[in-house]
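Please read it with the model open.

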Amino acid sequence: MGIAKITACAARAAIAALVLAVWYAPSAQAQATSGNLTDLVNSGLFTYNGLEIAAAKTNDAAFANLLKICSPGPNGAPAAGCSGNTLLIFDRLRELEDTANEILGRGETTFSLKLGLQAVGFALRWTAPEEFAAQGSLTTTFANSQLTTLNGRFSALRFATQMNRLAAQTGDADYAPDAPRVASYSSGSLRGGGAGADGAYASPTWSAIGNGSYSAGTKAPTTFEDAFNFNDTEYSAGSDVRLSRNLVVGVLGGYTVKHVNFDSSESIVAGGVRGEGYSGIVYGQLEGDAAYLNFSIGFQHLSLDTRRSITYPSLNPLIPSVNETSTSSASANSWLANLGGGYAFHWRGFSVEPYLNLQYVHTLIGQFTEHDGDGFDINVASQSDPSLTLSPGVRLQQVFTPPFGVIVPYLYGEYRHEFEQNSRDIQSAYAAAGGLTSGADFNLPTDSPTRNYYVVGGGLTLLFKHGVQGFVQYVRVLQLANYSDYVASGGIRIEF
């Protein structure tokens, strides 16, 4: 009798499971065909933004793919290939699909999270990996801060050249200490004796260089990019050599640590990016009495570690809320080059220097896969981000000669025009749902770059006895859409 009861119960359970499988599978397939999330965001019941609509379409496509291997079989259980993170992401997407069904008043709602219209939009934004757009901003900022600091070094080097020539002409081996002599150079030539200037560079002169910089800023939220604040600290050291009266060449190596912290008060986001890397730059400057030409070419490498949170609630007591964090590591490599030139018009101790710089940066971020998440881990395709910027500007400076050396305060401003950088799509897909080959991809566009913006800065060049030179500089970026940014830098150069 007991065995008969058990057998009867087992039979009823098998029949119930079969009925559930037959009932659920067609409705689930209907969900995938109709695209429940897509239907919801296009229904007009609520105004969803572009990111939420893109996330809905991708989640629908991923769910349709997963149904082929995860829909319940005759025994009510998923197929053998649907396990681990694949089963987890199937369950999460099924919950969102059923939630959309319940709002639309149709189909299967067993696994609904029972969220409202706006909360569904927030959940969709949590699933979208728009955070990876910040990686490009972070690598570009590193390159720009390096070249900004190097341009400050070029300017300090030019002034040191003028002072050394003047010292050679006046017979002072260290520097020209009195105002009448320092203030006596004019456009085209230095006044005073001329024979000693060439002799001052009869043999190569070596210098050691040390620089440091700190930059920080904020990014405002847009439809496809999150709000964040960022900062970086950079250290660099190197050496240059004066090969002739007019030519200096050098090499500069750098190390940086950068941070991006997503602003959860401005965007539906949590997490951040940490970048750590190094750089190497070879540079040179060809100098006349008033005109000059400089160049640099270099390489930078950054390791990018990203934390991306996926957190949204469930109001269904039978289904837990989602709260997980995916992490990833990616490599970003950039080539950078700069070509610049200008002409200094002198009037006693004051000078006006119009100049023109052309800067090229090409960044490649390698493909990578997230880990540590419960189903929401993403595969991200490689990215290419080229930039070509032309920067005409003008620099004003005045020479002061206290007893201990020479001080040159300066101000400059430049207009920048971006020629090559464009909005790019960052292709990504759920790793556990077929990855980048699944056809269910998030192709999220980055913001279009600002074509025209401005940079202003100022600082001090200081020249002391015995070939010791320093500089400090502060720079701000203006009218760069959605960004606020500054760079503070300083350095020292010692001749041997």
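What volume does the second largest cavity have?

1. The volume of the second largest cavity is about 220 Å³. A cavity here is a set of points, on a 1 Å grid over the protein atoms alone, where a 1.4 Å probe fits but cannot get out. Grid points are joined across faces, edges and corners, and the volume is the space filled by probe spheres set on the points. By this rule there are eight cavities of 30 Å³ or more.

2. This is a predicted model, in which local features need pLDDT of at least 70 and side-chain atom pairs count only at pLDDT 80 or more, while totals for chains, interfaces and linings use all residues. Residues are numbered from 1 along each chain as its sequence is written, and side-chain values use heavy atoms, with hydrogens and water left out.

3. The second largest cavity is lined by 20 residues, and N151, Y355, N357, R395 and E414 lie nearest its centre. Lining residues have an atom within 4 Å of a point. Two or more of them come from each of α6 (133-170), β7 (291-312), β8 (322-343), β10 (350-365) and β14 (405-418); helices (H or I, at least four residues) and strands (E, at least two) are DSSP runs, numbered from the N terminus. Helix α6 gives the largest share, six residues. The lining has six nonpolar, nine polar and five charged residues, where Ala, Val, Leu, Ile, Met, Phe, Trp, Tyr, Cys and Pro count as nonpolar, Asp, Glu, Lys and Arg as charged, and the others, Gly among them, as polar.

4. Helices α3 (residues 50-70) and α5 (residues 117-127) have axes that come within 8 Å and cross at roughly 75°. Axes are lines fitted to C-alpha atoms, for helices over the stretch in contact, and angles run from 0 to 180 degrees between N-to-C directions. Therefore α3 is roughly perpendicular to α5 (65 to 115 degrees). The contact (heavy atoms within 4.5 Å) involves L51, E52, A55, A56 and N59 of α3 and G121, F122, L124, R125 and T127 of α5.

5. An open sheet of four strands runs in the order β11-β12-β15-β16 with antiparallel pairing; strands pair if DSSP finds at least two bridges between them. Its edge strands are β11 (368-369) and β16 (442-445). Strand β15 (residues 425-430) pairs with β16 over four bridges, and I426 stands opposite L444. Helix α3 packs on this sheet, touching β15 and β16, and its direction makes about 165° with that of β16.

6. Strands β4 (residues 228-242) and β5 (residues 247-262) pair antiparallel over 15 bridges, and a hairpin of four residues joins them.

Key. 1 Å grid on protein atoms, 1.4 Å probe; cavity = no way out; pocket = protein on both sides within 12 Å on 5 of 7 lines; lining within 4 Å. Parallel < 35°, antiparallel > 145°, perpendicular 65-115°, else oblique.
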